[in-house]
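Hello,

Here is the structure I promised to pass on to you. Have a look at it first, and then read my notes below.

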Amino acid sequence: AVGRSTFEIARHFKKVVGIDYSREFIDSANILQATGERMYWRKDSGAEGTSLLATVDQAIDRSRVRFEQGDACALPLHLKNFDAVLM
């Protein structure tokens, strides 16, 4: 969920902006954009969990993607003139 749709859309568009209200999601998405991978911990039950690695497909040009923290119901004015919008 952290930027996955944004990265997938970048297969077909030259510039893609991902927006989320959560600063933590944006920070994680920016790590994925910069490095192509991100370690995370999945809680399984109680205190039990599993460390996992999220990766971005190497066929995706990560330079086409950027992420911003924001409210999708009150977008800043600089976000306009898009060819497609996914909500």
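Let me start with how the elements are named: helices (H or I, at least four residues) and strands (E, at least two) are DSSP runs, numbered from the N terminus. Please keep in mind that this is a predicted model, in which local features need pLDDT of at least 70 and side-chain atom pairs count only at pLDDT 80 or more, while totals for chains, interfaces and linings use all residues. Residues are numbered from 1 along each chain as its sequence is written, and side-chain values use heavy atoms, with hydrogens and water left out.

Now the pockets. On a 1 Å grid over the protein atoms alone, a pocket is an open set of points where a 1.4 Å probe fits, with protein on both sides within 12 Å along at least five of seven lines; lining residues have an atom within 4 Å of a point. A volume is the space filled by probe spheres set on the points, which are joined across faces, edges and corners.

The largest pocket holds about 850 Å³ of space, and 32 residues line it. Val17, Gly18, Ile19, Val85 and Leu86 lie nearest its centre. Which element gives the largest share of this lining? That is S1, with five residues. By class, the lining has 20 nonpolar, six polar and six charged residues. Here Ala, Val, Leu, Ile, Met, Phe, Trp, Tyr, Cys and Pro count as nonpolar, Asp, Glu, Lys and Arg as charged, and the others, Gly among them, as polar.

The second largest pocket has about 220 Å³ of space. Ten residues line it, and Val2, Phe25, Ser28, Arg38 and Tyr40 lie nearest its centre. H2 gives the most to this lining, four residues.

Is Ser28 buried or exposed? Ser28 counts as buried because its relative accessibility is 15%. The cut-offs are under 20% relative accessible area for buried and over 50% for exposed, with partly exposed in between (1.4 Å probe, protein chains only).

Finally, the largest nonpolar core has ten residues, among them Phe7, Ala10 and Ile60. Such a core is a set of buried Ala, Val, Leu, Ile, Met, Phe, Trp, Tyr and Cys residues joined through side-chain atoms within 4.5 Å. H2 gives the most to this core, with three residues.

Best wishes
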